[in-house]
Amino acid sequence: MTETQTIAIQRTAASRLAEVDFATVPFGKVFADHMFVADFRNGEWKNLRIIPFGHLPMSPATPAIHYGQAIFEGMKAFRGGSGEINLFRPLDNWKRLNISAERMCLAQVPEEIFMDGLTALITLDRQWVPNTPGGSLYIRPFLFSADEYIGIRPSENFTFMIINCPVGPYYSTPVKVCIETHYTRAVAGGTGYAKAGGNYGGAIYPAKLAQDKGYHQLIWTDGKNHEYIEESGTMNVMFVMDGVLVTPALSDSILAGITRDSVLKLARHWGMKTEERKVSVNELLAALKEKRVQEAFGAGTAATIAPIELIGFEGTDYYLPPVSERPFSGRVLREMDAIKRGQQPDPFGWIHKV
Ligand code: COI
């Protein structure tokens, strides 16, 4: 156990809070007043600090910029009924950050630094947690190599940071997605299970091609034969087929989503049958044609549950039932939200109060 390190706090001289309307704030563009920073130098974490949100001084030779040695997390804080702040499953994000760090050869972030930095930052910026219906504070922890070296090797210096954005809904309407059978998000043996920046950067171009055709996002298939469904956009994908909650089983090309896990746990808690297994494109298409897919949605931190309106494949769009006729995802969304906002008991121990 390392000794607890003090976090130095430098408060902003000019809070921007009064300029923000939480009811209309766009996703990811408005940042809370402060950010947390920790440096890994000479084999140890040091210089833990909270400073005003602002630009970073960094070497142009930083490997994070050249080689994508950078990972991130996405998590949320919610305002509870008596004004308390509820963090949703923060330790799961901490664990996943370190799984990604191992894959990308970055230093492990100790639990204490992650949780103490997060708690101190949220405490300082607690007024930035929206109290609007559907509002939350999106928390973005991230870790990157901070060497000044243009060769390729495991780095020696790292920076861990947390920045926050007050947000409303990520998607305002149900999403139109199309099954991608040419481009690949991740392959077996690759970095798909890590929340590595490059996984997202490489997905933008194929997603843009789909957007040009009127879709919001892609349904990714496996990188070998494009035979099996993997994820949807930046989320896990889940279906209710023949009354069973079905989602692709985790693998090294699929991110272990915390929302995905929460949906599965709630479904099992309610006695619903769930299956984590391979889902082939053919199986999904057959079920769509036979109207056996009652619900389809993306599950992720930013969007929580993103209902899928239609799934495109080779020029044909297969429509799902209207969102108002989807009892499972509606209930998941309501009950998960009630747990997060402290309006309902938390049988799973998901909430961490600040
Ligand atoms: C999240 O849901 O937290 C994500 O990672 C999506 C993000 C890329 C906006």
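**Reading the cavities**

By class, 4 nonpolar, 6 polar and 3 charged residues make up the lining of the largest cavity.

Colleague: Okay, I'm looking at this model. How do I even start reading empty space in it?

Modeller: The general idea goes like this: rolling a probe the size of a water molecule over the atoms shows where empty space is left. Keep in mind that this is a predicted model.

Colleague: How many cavities of 30 Å³ or more does a search of the whole structure find?

Modeller: The search turns up 2 cavities of that size. The largest one has a volume of about 100 Å³.

Colleague: Which residues are the closest to the centre of the largest cavity?

Modeller: Look for Lys 76, Phe 88, Thr 259, Thr 301 and Lys 340; they are the closest to its centre among the 13 residues that line it. Strand S5 (75–79) and helix H5 (258–269) are the elements giving two or more residues to that lining. The largest share, 3 residues, belongs to S5.

Colleague: Why does the largest cavity lie between domain 1 and domain 2?

Modeller: Check who supplies the lining. Domain 1 (3–167) and domain 2 (175–340) both give residues to it, so the largest cavity lies between them.

Colleague: And what lines the second largest cavity?

Modeller: That one has a volume of about 40 Å³. Around the second largest cavity you'll find Arg 185, Asn 199, Tyr 200, Ala 203, Trp 220, Gly 233 and Thr 234. Helix H4 (residues 197–212) gives the most to this lining, with 3 residues.

Colleague: How do the residues of that lining divide by class?

Modeller: For the second largest cavity, count 3 nonpolar, 3 polar and 1 charged.

Technical notes
Residues numbered from 1 in each chain as written. Predicted model: local features only at pLDDT ≥ 70, side-chain atom pairs only at ≥ 80, totals over all residues. Heavy atoms only, no water. 1 Å grid on protein atoms, 1.4 Å probe; cavity = no way out; pocket = protein on both sides within 12 Å on 5 of 7 lines; lining within 4 Å. Points joined across faces, edges and corners; volume = space filled by probe spheres on them. Helix = DSSP H or I, 4+ residues; strand = E, 2+ residues; numbered from the N terminus. Nonpolar A, V, L, I, M, F, W, Y, C, P; charged D, E, K, R; others polar. Domains from an automatic or database assignment.
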